[in-house]
Amino acid sequence: MVNILVSACLLGVNCRYDGSSTLIKNLDLLMERYHLIPICPEILGGLTIPRQPAEIVAGRVIYRSGEDVTEPFQRGAYEVLKLAKLYACKHAILKERSPSCGHDEIYDGTFSHTIVEGNGVLAELLASEGITVLGESQIENLL
Ligand code: SF4
């Protein structure tokens, strides 16, 4: 069975910044066809649950308080890349608009729910390694 990385919060794991998750629909259909590898780069980078919301500002990841948390975000992304290579993943289903997992669209760094073009830290890294990144709204493409 093909291995696919999946943001753990999309599988119901309460690892989001506020201790919540966002369970996806059609999980059973996905699991019939693929072996899902749950990952959370922010937790693998050493951050806590709960933690502050973060957004990307000029290439740096910043907590709402202003603290620069780029380093743990990057560390976690590289830990996920290790798993991607270990499991030979060619695809990842990542939570949309997250500063780690968001692909093509993220928040603009003003904490005002304004969306701009861009990638989260993990999505950027995986895409640069040739892994196809899909958001949860694109799961139908895999079914
Ligand atoms: Fe979900 Fe990714 Fe945020 Fe972890 S880092 S909670 S997997 S969106």
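Mentor: Ile-43 lies in helix α2. A helix here is a DSSP run of H or I, at least four residues long, and a strand is a run of E, at least two long; both are numbered from the N terminus. This is a predicted model, where local features need pLDDT of at least 70, side-chain atom pairs count only at pLDDT 80 or more, and totals for chains, interfaces and linings use all residues. Residues are numbered from 1 along each chain as its sequence is written, and side-chain values use heavy atoms, without hydrogens or water.

Trainee: What makes Ile-43 buried, exposed or partly exposed?

Mentor: Buried means under 20% relative accessible area, exposed means over 50%, and partly exposed lies in between (1.4 Å probe, protein chains only). Ile-43 has 31% relative accessibility, so it counts as partly exposed.

Trainee: Which residues does Ile-43 touch, leaving out those up to four places away in sequence?

Mentor: Cys-15, Thr-48, Ile-49 and Arg-51. Contact means heavy atoms within 4.5 Å. Now compare Ala-58. Ile-43 and Ala-58 are 15 residues apart in sequence and 23 Å apart in space, C-alpha to C-alpha.

Trainee: Why is Arg-51 called buried?

Mentor: Its relative accessibility is 9%, so Arg-51 counts as buried. Arg-51 lies in the loop between α2 (41-44) and β3 (54-57). Beyond four places in sequence, its contacts are Cys-15, Arg-16, Tyr-17, Cys-40, Glu-42, Ile-43 and Tyr-63.

Trainee: Which backbone oxygen does the side chain of Arg-51 reach?

Mentor: That of Thr-48, at 3.1 Å. A polar contact is a pair of N or O atoms within 3.5 Å; within protein, one must be able to donate a hydrogen and the other to accept it, and residues adjacent in sequence count only if both atoms are side-chain atoms.

Trainee: What kind of peptide bond joins Ile-49 and Pro-50?

Mentor: A cis one, with omega about -5°. Pro-50 sits in the loop between α2 and β3.

Trainee: Is Asn-141 buried or exposed?

Mentor: Its relative accessible area is 58%, so Asn-141 is exposed. It belongs to the segment after β8 (132-135).

Trainee: And what makes Arg-33 partly exposed or buried?

Mentor: Its value is 44%, so Arg-33 counts as partly exposed. Arg-33 is in helix α1 (residues 27-33). It touches Met-1, Leu-142 and Leu-143, not counting residues up to four places away in sequence. Met-1 is 32 residues apart from Arg-33 in sequence and 7.0 Å apart in space, C-alpha to C-alpha.

Trainee: How many residues surround the ligand?

Mentor: 14; the closest are Cys-9, Cys-15, Cys-40, Glu-42 and Cys-101. A residue is near a molecule if one of its heavy atoms lies within 4 Å of it. The shell divides into seven nonpolar, three polar and four charged residues. Ala, Val, Leu, Ile, Met, Phe, Trp, Tyr, Cys and Pro count as nonpolar, Asp, Glu, Lys and Arg as charged, and the others, Gly among them, as polar.
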